[in-house]
Amino acid sequence: MMAVSSFILRFLFICAVVVARQPQPRWQGRTIHKNVRLRGERSDYVSLRVREILSQDADSHESALESLESREWLIHVKGPVHSSLTTRLRENLGVTDIQYVPHHTFLAFTNGKAIQEAQAKMREIVWVGIVLPHHKVSSELFPLLLSDTSHVRRAGSEPPMVEVYLMLSRPLQDKADVALFSWEEKLERVVPMASTHKIHIRAASVNKLVIKMHEDQVPAALQFLSEQHETAWVEPKPKHKLRNKWAKGILQSGEAGKHLMFTRGLEGQGEILGIADTGIDMHHCFFSDSRSTPVNRVDHHHRKVVSYRYERGWGNTIDEEGHGSHTTGSLVGSTGHSPESQYGGMAPAGELGMDDI
């Protein structure tokens, strides 16, 4: 019994020594604080392959600290995080916009010199690190990044189209910002253009781009886009499906075909709903009218939209993004008595005030 106990103690001691000798995790040559958990630092085979592909030629932490070129930085601080600490961090970094990333971490678009100055002035800063290319790509895109699908298509057939959202680290100044058109030109040089399709980039908002390409072009495009300092995050553009026909009944009664509010005559008559979104496609049957759209004015005689406000240079009555048309259609969409009326919104007799943001 004593021999068994002695063996167990020796085994536990050896395990403790092995654990104690394990090196602390490092990231770009810097020891990671024990409470920092970095997105994209998963250790499964696929994630490691993506890191190898996207981040093998990334700048080192040391060179980024010496650079005056702005990029995204993670800044980990001692808790608790309160408003005064956030204000001091903004002031010391010389930036107006920083984002909080739970827990006790901030995301800032600034340069290495500013980071060093903030570290020297603030004892609360525990650790800093640059955001690497593989941290910026959604795991939903990993299969496209790693696979070669060209061999599974029929000869002469076009590859399927892929659309992605790209969130920007800094807001665009206008729709002709260099982030769009210089990227299109550079992508033509680095992305295979064997097919007839050219990669298209358009602004969905001041912080988001929509990029459309062939599936074969995704790996090279993601390599380029993730390396750009202005890129914050890339993910697939979701495919929306219309469910209004059934959603109205479910919300009103719990059953898709029963519209208790409508049978009682409650359809939004005399009400004006306000919404701020990506705009409206005013050619859509839910909103179209023979009267002109009341842009930056009020018109109570318009069939559906009594006011449509947007800033010059950004808004329009097309809604390239589509989200605003979807949400407003779910609210007040109406086609009158046509067969499509079954797909109308929860308040089909209501009117709308839109702020295109």
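## Terms and model

A residue counts as buried under 20% relative accessible area, as exposed over 50%, and as partly exposed in between, with a 1.4 Å probe and protein chains only as cover. At 63% relative accessibility, Y45 therefore counts as exposed.

The model is predicted: local features need pLDDT of at least 70, side-chain atom pairs count only at pLDDT 80 or more, and totals for chains, interfaces and linings use all residues. Residues are numbered from 1 along each chain as its sequence is written, and side-chain values use heavy atoms, with hydrogens and water left out.

## Chain totals

The chain holds eleven helices and 13 strands; these are DSSP runs (helices H or I, at least four residues; strands E, at least two), numbered from the N terminus. Of its 357 residues, 40% count as buried.

Contact means heavy atoms within 4.5 Å. Among contacts between residues at least 6 apart in sequence, 70% join residues at least 24 apart.

## Surface patch at Y45

Y45 lies in helix α2 (residues 45–55). Together with V46 and L146, Y45 makes a nonpolar surface patch of about 290 Å². Such a patch takes residues with over 30% relative accessible area and no salt bridge, nonpolar side chains (Val, Leu, Ile, Met, Phe, Trp, Tyr) being joined within 5 Å and like charges within 9 Å. A salt bridge is a side-chain nitrogen of Lys or Arg within 4 Å of a carboxyl oxygen of Asp or Glu.

## Strand β3 and its partners

In strand β3 (residues 71–77), seven of seven residues are buried. Two strands pair if DSSP finds at least two bridges between them. Six bridges join β3 to β5 (residues 105–110), antiparallel, and E72 has F109 as its bridge partner in β5. Another five bridges join β3 to β6 (residues 125–130), also antiparallel; here L74 stands opposite G129.

## The parallel sheet

Three strands form an open sheet in the order β11-β13-β12, with parallel pairing. β11 (272–277) and β12 (305–309) stand at the edges with a single partner strand each, so one side of each is left without a neighbour in the sheet. Neighbouring strands of this sheet are turned by 15° against each other on average, direction ignored.

β11 is joined to β13 (residues 351–356) by six bridges; A276 has D355 in β13 as its bridge partner. Helix α11 (residues 323–332) lies across β11 and β13 and runs at about 160° to β11. Axes are lines fitted to C-alpha atoms, for helices over the stretch in contact, and angles run from 0 to 180 degrees between N-to-C directions.

How values were computed. Accessible areas come from the Shrake-Rupley method with a 1.4 Å probe; for residues, only the protein chains shown count as cover.
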